[in-house]
Amino acid sequence: MGKAAPAAAGSDSRPIVVAENVRKTYRLADGRSHLALDGVTTELAHGEVLVIFGPSGSGKSTFLRTLNALETIDSGRIVVDGVSIAEPGADLNALRAEVGMVFQLFNLFQHRTALDNVVLPQVVVRRRSRADALRRAHELLAKVGIGDRAGHYPAQLSGGQQQRVAIARALAMDPKIMLFDEPTSALDPETVSGILDLMRELAGEGMTMAVVTHEMGFAREIAQRMLFMESGRIVEEGPPQQIFHAPHEARTRAFLEQIL
């Protein structure tokens with residue numbers, strides 16, 4: 001699959017996500033505070049694939065989680081598909097139905113089968129009939145390559161298979177945006193490529209995606225834009241060609257030299 005078409009070539013060139021001066025502080029157990037996000041400002045266009053990278057603790061995952069309000073922000077503004085999600089009264093359940101999220105550690109219901117993990121959110125959040133939800137779940141489990149594992153429980157599945165269930169569950173909501181928080185970091189090397197192939201397929205279908213990853217070869221291939229973060233700030237952003245071959249910031253160059 002090739003890259004998704006740039007947003008400007010689509011029917012809607014307006015950004016689907018706008019983040020302006022987003023700040024987030026955590027209170028630590030010892031009473032000190034940690035500034036996780038320090039004035040983050042960026043946008044995500046329709047159909048764009050954005051890769052976010054940087055050292056551990058740089059704020060990458062925190063920022064991703066603010067985009068579907070899994071983390072509240074202290075100040076700033078986040079607008080998703082025209083809705084300012086930090087405003088009082090914002091319908092966060094409706095927001096999360098439009099923003100699919102795939103976590104590092106799968107977050108599946110351990111007491112439910114793969115099929116039920118994909119069916120349940122459709123029935124509860126999308127209010128679909130069970131028959132329609134079952135039909136969609138079977139389609140998606142087949143799409144992600146584990147149609148024959150529908151009746152298995154998470155404990156009976158490999159890490160890669162569990163992550164495929166998690167991706168199917170997110171897609172079942174027919175989201176406008178998919179967020180991936182280091183989706184391969186908990187997998188063994190032999191299963192990583194299968195998950196990356198699946199994400200390439202989604203990108204090729206035009207899915208709007210924001211991906212936190214350390215898989216730089218994958219990022220170089222799939223991203224239309226990359227953000228390098230450190231200490232809660234965006235140090236540099238640009239297309240992969242710039243980031244990999246002519247980064248503007250010395251810190252970006254130093255980080256890439258360490259991991260490439």
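What is the volume of the largest cavity? The volume of the largest cavity is about 50 Å³. This is a predicted model, in which local features need pLDDT of at least 70 and side-chain atom pairs count only at pLDDT 80 or more, while totals for chains, interfaces and linings use all residues. Residues are numbered from 1 along each chain as its sequence is written, and side-chain values use heavy atoms, with hydrogens and water left out.

**The cavity**

One cavity of 30 Å³ or more is present in the structure. A cavity here is a set of points, on a 1 Å grid over the protein atoms alone, where a 1.4 Å probe fits but cannot get out; lining residues have an atom within 4 Å of a point. The volume is the space filled by probe spheres set on the points. The lining consists of V17, T42, E43, L44, L50, I52, F63, L67 and A210. By class, seven of these residues are nonpolar, one is polar and one is charged. Strands β2 (33-45) and β3 (49-53) each supply at least two lining residues, and the largest share, three residues, comes from β2. Strands (E, at least two residues) and helices (H or I, at least four) are DSSP runs numbered from the N terminus.

**The hairpin**

Strands β9 (residues 225-230) and β10 (residues 233-238) run antiparallel and are joined by five bridges; strands pair if DSSP finds at least two bridges between them. The two strands form a hairpin with two residues between them, and S231 in the turn has a positive phi of about 55°. E230 stands opposite R233 in β10.

**The aromatic cluster**

Rings of Phe, Tyr and Trp (its six-membered ring) pair if their centres lie within 6.5 Å; planes under 30 degrees apart count as stacked, over 60 as edge-to-face and the rest as tilted. The count comes to three aromatic pairs, including the two tabulated here.

| Pair | Centre to centre | Angle between planes | Class |
|---|---|---|---|
| F53 and F228 | 5.2 Å | 40° | tilted |
| F228 and F255 | 5.2 Å | 35° | tilted |

F53 in strand β3 and F228 in strand β9 are 175 residues apart, so their pair links distant parts of the chain. F228 in strand β9 also pairs with F255 in helix α9 (residues 250-259), and that pair therefore ties together parts 27 residues apart in sequence. F53, F228 and F255 form one aromatic cluster. F53 counts as buried because its relative accessibility is 0%, where buried means under 20% relative accessible area (1.4 Å probe, protein chains only). F228 and F255 are both buried as well.

Definitions and conventions. 1 Å grid on protein atoms, 1.4 Å probe; cavity = no way out; pocket = protein on both sides within 12 Å on 5 of 7 lines; lining within 4 Å. Nonpolar A, V, L, I, M, F, W, Y, C, P; charged D, E, K, R; others polar. Buried < 20%, exposed > 50% of the residue type's maximum accessible area, 1.4 Å probe, protein only.
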